Amino acid sequence: MESRYTPKAIEDKWQQTWAELGLDQTSTDPNEPKFYALSMFPYPSGNLHMGHVRVYTIADVIARLKKMQGYRVLHPMGWDAFGLPAENAAIDRGIQPAEWTYKNVAQMQKQLQKLGTCFDWSREVTTCSPDYYRWTQWIFLQFYQAGLAYQKESAVNWDPVDQTVLANEQVDNEGRSWRSGAKVERKLLKQWFLKITDYAEQLLTDLDKLKGWPERVKLMQANWIGKSVGAYLEFPIVGSDEKIGVFTTRPDTVYGVTYVVLAPEHPLTARVTTSDRQEAVAAFAKEVASQSELERTAEDKPKRGIPTGGKAINPFTGEEVPILIADYVLYEYGTGAVMGVPAHDVRDFKFATEKNLPIKTVIVPEGGDASAPLEAAYTEPGVMVNSGEFDGTPSTQGKEAIVKFAEAQGFGKARVQYRLRDWLISRQRYWGAPIPIIHCPKCGAVPVPDQDLPVRLPENIAFSGRGPSPLAQLEDWVNVPCPSCGTAAKRETDTMDTFIDSSWYFLRYPDANNDQQAFDPAITNDWMAVDQYVGGIEHAILHLLYSRFFTKVLRDRGLLNFDEPFERLLTQGMVQGLTYKNPTTGKYVTPNLVNAGDPKDPETGETLEVFYEKMSKSKYNGVDPEAVLAKYGADTARMFILFKAPPEKDLEWDDADVEGQFRFLGRVWRLVSEFAEKGGDRTKKANLAELSKPEKDLRRAIHTAIQAVTEDFEGEYQFNTAVSELMKLSNALTDTTCKDSPIYVEGIQTLLLLLAPLAPHIADELWQGIGHTESIHLQAWPEADAAALVADEITIVIQILGKTRGSIQVPAGADKAAQEQYARESELAQRYIEGKEIKKVIVVPGKLVNFVVA
């Protein structure tokens, strides 16, 4: 064995050996309990960053541990490979998205292997591969057959220069296109949706089943679903048979409605607008159409609106109230209309005050004055006033009474509403899974037959980044006969949102090579649910919500037999780098241009702000994983990542701490190398009944480490404290005087076994170095011996007049009186109490004996 720790040589060797042995292949032994360890698959951008290193290291440790504990472990990896970045790369580089994507996949796969990850690459999935998106399209058709996929007109962000639809994320805070810089418009387009709202209540209530999820993630999902209990009420339009429907959580305030507001894009807007208001309303609607949804709903933005000239009737009072349009009401939310109750809603009060609209009090505190002018909206419960027959009713009871009255009169009913909207999945882009629908002038929308899947993306597309989807321009691809009647028809040219691909990939891994089905239900049901899912908090809402939705729909289609896809969820913190920023200019400065001892801007001489922030190219604070692996090796990188912070906390990158972990592994290397050089007998068993004190102490240290590390790995994944326990065991082995004992052999082997999931290469190399022929990763995880944890002796502190003078060892079973006796007779105590009068002895059992002397 080499005397020095040289990570590169041993890491290359073991990665090749593991591959040759098929060590990472998934066991399918039905006699072993299953464990599905999954980390969120990456977008193949071309290079791993430190955030990737952290998430995949955490999942890898868990997978390796479970294998050693006797589980059959599924630990797969794949690529979330569709999406706009690849299409933009194609535009910028003049290459096809597939070429760019697969080149990046190959590069990142090599990097992941260099980390020493135990992924089963035989189950790799790539979402842009036809053998994957064939089944994505098949699953879409399952939704379509269930009535959960539909097409309707929807407002989109439209770039008038590039002539294309933009996602909200592609519109800046000034409402401009990220690419062309044009002011974005709102435009109605026919789009495909999935009816996630049908599952809103299940998605909400089943959060209670997720005992292994962080509470904050469950709360984020609950808020996104946004359940509201209230009433649907209808306000007849004066001079029309039509009515304006609104949803309210405060039906008890309906007598205080003094106006109704429509979204400018609401179909009723044009019909309620009087002739003298048409020009102003059209101009306002056009102006609002140029604003993004974020702009319109921002809390700190003034609410703007104008009257339409139309009027509605409050069905409870018979009074006519004006109909307005306003920017803060969106057609896609709720009914696209709201009732204005300025006396009892903060936003309405501000709006009515600015527009000089009537304010009518209908709720007052107990004993309050209904005629007193309001300085602000009163939003608390109280007593109903100015509310006809409901006067004097407590407002909390009034809600139910008003709903019953409305139902009896035929102008309202109780309703539960959700903030959650149906999921818009249409993308007018090329690099995505084509939606498998054919539009026939006779038959309407016709699903592509299963035997004709996948609908393949055509190759050698010309990209400009402007205009509609490139697919829409390919006549040979678009024009096809209707599969139902044979009439000339056209393919759907929209592709699916990439969130579709990641909403079911975890179901494919258990049966990834099946070319006859998306997955065999028997196989996937056997492996699911995922026992441990690891990924970033940024996916806490959409990805996790959509994955839960897909699981429930496929369950209802008879394909799955479980309700939730992910048993436990770990959301790891970010990796942060040391960052230098000029507080005056706001510019970030490259660290290698800064004197860390006196950080000044090299251009202006100003003192720089120094802090930790999420690693980013634009902030010059990133650390290249390749450089770290080249200098220190994968095991050191893994150990630092695990030791620096608990997995759910943010991690501050520190080169000194990386160096510290490298030195620790060097100490382990020397410790085991010295043992190997002596050539001790690994097979000799210790007589546990005749152990010396040093042997007992060392064995206790060994089994304390086993117990502590196992608890750290199994509970809240406190890998940082597990590494600390390994350091303690290493120190105990270094300091012990019984290096020729079989207990020392046990200690060396235990240290390597506990280290194996964390630093797999060095552990396997040293395991081989002490004479083993089988990989350490095929060994059983050690179990703590409870008897070894029991101490024969305990340490008692000796104090004289409250001042500590030293300590003594006494039998662990000694009672209070015996502990005092041992203390009195000890050489240490005699030295300080000889010739003095003992006035009092204070004994804290198991801890200290304090002599009060004169």
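**View 1. Asp24, a buried acidic side chain without a salt bridge.** In this predicted model, Asp24 is buried (under 20% relative accessible area, with exposed meaning over 50% and partly exposed in between; 1.4 Å probe, protein chains only). The nearest side chain of opposite charge is Lys67, 4.1 Å away; Lys and Arg count as positive and Asp and Glu as negative, while His and the chain ends are not counted. Asp24 lies in the loop between helix H1 (7-21) and strand E1 (34-39). Helices (H or I, at least four residues) and strands (E, at least two) are DSSP runs, numbered from the N terminus. Leaving aside neighbours within four places in sequence, Asp24 is in contact (heavy atoms within 4.5 Å) with Lys67, Thr117, Cys118, Phe119 and Asp120. Residues are numbered from 1 along each chain as its sequence is written. Local features need pLDDT of at least 70, side-chain atom pairs count only at pLDDT 80 or more, and totals for chains, interfaces and linings use all residues, while side-chain values use heavy atoms, with hydrogens and water left out.

**View 2. The salt bridge between Glu626 and Lys114.** The closest N and O atoms of this pair are 3.5 Å apart. The bridge links distant parts of the chain, with Glu626 in helix H18 (residues 625-632) and Lys114 in helix H4 (residues 97-114), 512 residues apart. Glu626 is partly exposed, at a relative accessible area of 25%. Lys114 is also partly exposed, at 39%. The structure holds 36 salt bridges.

**View 3. The salt bridge between Glu242 and Arg271.** Here the closest N and O atoms are 2.7 Å apart. Glu242 sits in the loop between strand E8 (227-236) and strand E9 (243-248), and Arg271 belongs to helix H8 (residues 267-272), 29 residues apart. Glu242 counts as partly exposed at 31% relative accessibility, whereas Arg271 is exposed at 52%.

View 4. Lys619 is buried, with a relative accessible area of 19%.

**View 5. Leu194 in the largest nonpolar core.** A nonpolar core is a set of buried Ala, Val, Leu, Ile, Met, Phe, Trp, Tyr and Cys residues joined through side-chain atoms within 4.5 Å. The largest one has 173 residues, of which Phe140, Leu194 and Phe549 touch the most other members. Helix H2 (residues 50-68) gives the most to this core, with eleven residues. Not counting residues up to four places away in sequence, Leu194 touches Phe140, Phe143, Leu148, Ala149, Asp422, Trp423, Ile425, Ile500, Phe549 and Phe550.

**View 6. A second, separate nonpolar core.** This core has 34 residues, including Ile237, Met339, Val341 and Val362. In the protein as a whole, 52% of the 854 residues count as buried. The protein has 27 helices and 33 strands, and its C-alpha atoms fill a box of roughly 110 × 80 × 65 Å, taken along the principal axes.

Notes. A salt bridge is a side-chain nitrogen of Lys or Arg within 4 Å of a carboxyl oxygen of Asp or Glu.
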